Amino acid sequence: MLEEAKNFIKNSRVTKSEIWENISLHGKRLPQRFKFIKLRKYVSDFLKNKTIEPRMVGIAGIRGVGKTTLLWQIANFVKNNFKEIDVYLLSMDIASGYGFESQILIDALKEVTSSYKKVVLLFDEIQYIENWALMLKIIYDRFKNSFIIATGSSSLLIRSTVDLSTRWHVESLYPLSFTEFIMIKSWLKSEGGRAIFPEKGLSVEIKNALFFSESAKDVSAKLGRIENKIQEYFIKIDEFIKTQEWKNYLSEYIFYHNIPRLLMIDEKNTILNRAFDFLHRVLYQDLREFYEENEIGKIKRLLIFLAFSDEINKEKISKSLGIKVEKIEKIMESLIKSELLIKFPVYGGVKTKIKREKVFFVSPTIRYAIVKQLFSKAEQFHSKLYEDITALYLKKIFNGLVLYGGTDKERSPDFIVDIDKKIIPIEVGTSKKDLSQLDSIKDKKYGLLINF
């Protein structure tokens, strides 16, 4: 078995032709997700002896967000800039299919790779190997000259042990931002592989205007100063689309095309069916080690319930689905840690937290795929999709600084951003003019109304 494992690793050493096959489409180089820039810096600094850590990086994300393509793009960067460095990209689902156990892979790596020469080890879908966390810990400790990246479902975040968490840095790869969607969409549709980008640094200027201003008047003034830059970006999109307004692309992005792998599909029902398949595989493959098969059915029922629900009432869910409240809490925790769902702490006291909670889907397309299974016309659920995409942006930008706006009052905002105890409530809707939800927060710095 050791010889077979050695051959597997030797065959996993990447070549330029293999790289091109995996980073190109129709003869054009695939555009890079913004996460690539950060990973490129990590590996470059290590190989140039600028830094020692991080030397091992985990990339966690739901299926279809582009983890494997990202690995191939990193392999391409290394081979182009560090020609003497060997790069191995090991598909762990294939290794598992061959029956290779973690210790066999470690022994084979030791014999195949040099102990004194720097090497880049890329492990794709690491969760397929039993005891993967221990395997990575041993590789990290024994292979001092290696830079390691391991991708997998977000169960990486569930399963990482204390020993491993002190050795690696985990990056979450989320569904696309709107600018990434436009970048890839324009690249796919243009003959020369031309991609549309906003002006460099514009997103930071918008974030600073919206969340780091002193007052609503200050927000307006800062946005006014960058309005031309924003308009220029949308003019580029309008010129590219030609036959429709960019707002139609915004709807396409939210409803159908925020997961990279789905961008190659135009037929809407096929997109939703594929997204539902992603969900099915998360449940029956990524979470299979944590639940019995008969429990997976209950989790699926719970997700369907959540897709149609507003705020969560665990007692009501328990009665409807026949699942104990304690079990619901455990399932919810695993779905949140797997990053299929997003949940923010509730603004208010303990009493509020018990009464009012809410979860959002990390991809609105997944929620839409669920509701479209039961409703051919699902317009009444569109507002939930807008909340999902807003939650995704807030998690990516602020994460721990975001609260769900549930309060004991009947009318409360959807989200609250708490920056240095300066409260900014956020309300999401379509053509909304009612500001009562924002006004319900008396100690706010100012409020933001987002209309889709």
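Mentor: Phe212 has a relative accessibility of 38%, so it counts as partly exposed (buried is under 20% relative accessible area, exposed is over 50%, and partly exposed is in between, with a 1.4 Å probe and protein chains only). The model is predicted, so local features need pLDDT of at least 70 and side-chain atom pairs count only at pLDDT 80 or more, whereas totals for chains, interfaces and linings use all residues. Residues are numbered from 1 along each chain as its sequence is written, and side-chain values use heavy atoms, with hydrogens and water left out.

Aromatic pairs are rings of Phe, Tyr and Trp (its six-membered ring) whose centres lie within 6.5 Å; planes under 30 degrees apart are stacked, over 60 edge-to-face, and the rest tilted. The count by this rule is 25 aromatic pairs. One of them joins Phe212 and Phe398: the centres are 6.3 Å apart and the planes stand at 50 degrees, so this pair is tilted. The two partners are 186 residues apart and come from distant parts of the chain. Phe212 sits in the loop between helix 11 (202–211) and helix 12 (216–225), and Phe398 in the loop between helix 21 (382–397) and strand 10 (402–404). Here helices (H or I, at least four residues) and strands (E, at least two) are DSSP runs, numbered from the N terminus. Phe398, at 9% relative accessibility, is buried.

A second pair, Phe255 with Tyr368, is edge-to-face, with 5.0 Å from centre to centre and 75 degrees between the planes. Again distant parts of the chain are linked: Phe255 belongs to helix 14 (residues 246–255) and Tyr368 to helix 20 (residues 364–372), 113 residues apart. Phe255 is buried at 7% relative accessibility, and Tyr368 is buried with a relative accessible area of 5%. Both rings belong to one aromatic cluster, formed by Phe255, Tyr256, Tyr368, Tyr386 and Phe452.

Leu303 is buried, at 1% relative accessibility. Leaving aside residues up to four places away in sequence, Leu303 touches Leu279, Leu283, Leu335, Leu340, Leu341, Phe361 and Ile370 (contact means heavy atoms within 4.5 Å). Of these, Leu341 is 38 residues from Leu303 along the chain, and their C-alpha atoms are 9.4 Å apart.
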